[in-house]
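Hello,

Here is the structure we talked about handing over. Please have a look at it first; my notes on what I found follow below.

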Amino acid sequence: MSLKPKEWKLDPASFVVVANRLPVDRVENPDSTADWRPSPGGLVTAFEPIMHRRRGAWVGWHGAADEELEPFEHEGLALAPVPLSSSEVEEYYEGFSNATLWPLYHDAIATPQFRREWWDTYVIVNQRFADYVATVAAAGAVVWVQDYHLQLLPQMLRRQRPDVKIGFFLHIPFPPTELYVQLPWRQQILEGLLGADLVGFQLPGGARNFARLVRDRLGLETLRDRIRTRDGREVLARAYPISIEAKGFHELAASDQAAERAAEIRHDLGDPRVMFLGVDRLDYTKGIPERIQAFGELIAEGRIDPDETVLLQLAMPSRQRVEQYRRLRDDIDRLVGRINGEVPRIGRPPIIYLHVSHPRVEMAAFYRAADVMVVTPLRDGMNLVAKEYVACRQRDDGALVLSEFTGAARELRQSYLVNPHDIDGLKDRLVEAMNDVPRNKAQRMRAMRRQVFDHDIDKWARMFLDDLERLNGTPAARATG
Ligand code: GDG
């Protein structure tokens, strides 16, 4: 592989999104030709209108190692695939991103591993991404860098292309300074981020942690959310809580297809009186064992009846080559098996656990079907699942049990908030959410729906880009149309 950026034969882009992954996945057709389709979840829906309005391009890895692809267009999006070798996938992606930064930034729930060779590869890959962006971006372009995989990119890009305007958004929590300073490369990462004009976080606390670190560790001057860099630039560090395409989700769940599927799902689950639902990427930050444990104890204690109650846990496969994820999967398999095995009857087990991913319309049907949504992360930047559940409700019914340690908890105050470390408290909350009177549930759901619809993903992108535009007067506004 040459690994040098491919010649960009498409128009130079005045708006560039750069993320670890492209927003599309490759699928094999039955006749063994390949096709691309939008990745599940994904930010692409948020950016699509902006990308189309302003000849946008997306730079990111296409998901296969040791393969170089030419830039291509897909459904009007210009895509620049960045190649990664298999050892880079191991060291930059599985290693430094997901076994160092991910656990460290999530309160060290799992022990972060610090390996010098992973760091070296992280630097090399960030530089490659920067080189690609530099080839794609038009003069004066707006570049929006996404997430923890690419924290060095802003500074690298600024060196190459001082003409572009750079925004960075961190999707995961930015940790308390006491934890962050464990990182042997703490200074390089702070400096990498400071290459941006605007550094965005999910919560104000993250922005404050960052400002405190650059003040204490780099000796820079800060005034509230403004940081003065050594080369005299001003960098803004601020919170932009991410959201979902609320209307799109609501309509998807309102469709006849989703309504039929929701009824079918409940029927297949044995028409329970109460259906609890969990939806997560299979990740140790999501508190999946805690919620299964709580549910299991409620059954064992006879506080819920397994004949009329079910917990459906959907866990999308994720990072399966990282050791901690494999272990988690085994732990959950064992826990579910044990709880289901202890119910002294044959028939439908109380916990149905599916380790597969589902299409979006199917997700909307699951949300629509569920009486109680259980979201119990030990730490989560935002948690979109909680917002998707609220958006998918068709009436003022349903209940959301939500961990205090999610970003979403700051906005969804009317959920049934829990501390997932407190299993007894969690059990009480599950029972309360299940048995609360309809009037209370309706009141809570109405307030949460208002919040989610008033603060959707479109608003999030606009707020970020408007602020980016206002800085030093570069016309980023054209990106938002
Ligand atoms: C990171 C941060 C932050 C899940 N299973 C399936 C499926 N999903 C979709 C959900 C949701 C998305 O995946 C998960 O988003 P979350 O926000 O819950 O969590 P992370 O993946 O950890 O995301 C997080 C987020 O970035 C955005 O900034 O909120 O804090 O950790 O959209 O619906 N989608 C499909 N099939 C599945 O089986 N199609």
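A polar contact here is a pair of N or O atoms within 3.5 Å. Keep in mind that the model is predicted.

His358 uses its backbone instead. One of its backbone N or O atoms is 2.5 Å from a nitrogen atom of the ligand. Asn383 also comes in through the backbone, with a polar atom 3.0 Å from a ligand oxygen. How much of the ligand does the protein cover? The cover is 89% of the 730 Å² of accessible area that the ligand has on its own.

Which elements give two or more residues to the shell around the ligand? They are β13 (274–281), α12 (360–369) and α13 (384–392). There are 21 residues around the ligand. His171, His358, Asp380, Leu384 and Glu388 come nearest. By class, the shell has 10 nonpolar, 6 polar and 5 charged residues.

Now the domains. The assignment gives domain 1 (13–242 + 458–475) and domain 2 (246–455). Each of them supplies at least three residues to the ligand shell. Their centres, taken over C-alpha atoms, are 30 Å apart.

The interface between them involves 23 residues of domain 1, in contact with 21 residues of domain 2. The size of an interface is often given as the accessible area lost when the parts come together. For this pair, about 1900 Å² is buried, 60% of it on carbon and sulfur atoms. On the domain 1 side, Trp102, Ile109 and Ile242 stand out. These three supply 27% of the area that domain 1 buries against domain 2, more than any other three residues.

A polar atom of the Arg413 side chain is 2.8 Å from the backbone oxygen of Ala409. Arg413 and Trp102 are 311 residues apart along the chain, and 26 Å separate their C-alpha atoms.

Best wishes

Technical notes
Residues numbered from 1 in each chain as written. Predicted model: local features only at pLDDT ≥ 70, side-chain atom pairs only at ≥ 80, totals over all residues. Heavy atoms only, no water. Near = heavy atom within 4 Å. Polar contact = N/O pair within 3.5 Å; in protein donor to acceptor, adjacent residues only side chain to side chain. Areas by Shrake-Rupley, 256 points an atom, 1.4 Å probe, with all protein chains shown as cover. Helix = DSSP H or I, 4+ residues; strand = E, 2+ residues; numbered from the N terminus. Nonpolar A, V, L, I, M, F, W, Y, C, P; charged D, E, K, R; others polar. Domains from an automatic or database assignment. Contact = heavy atoms within 4.5 Å. Buried area = accessible area lost by both parts, 1.4 Å probe.
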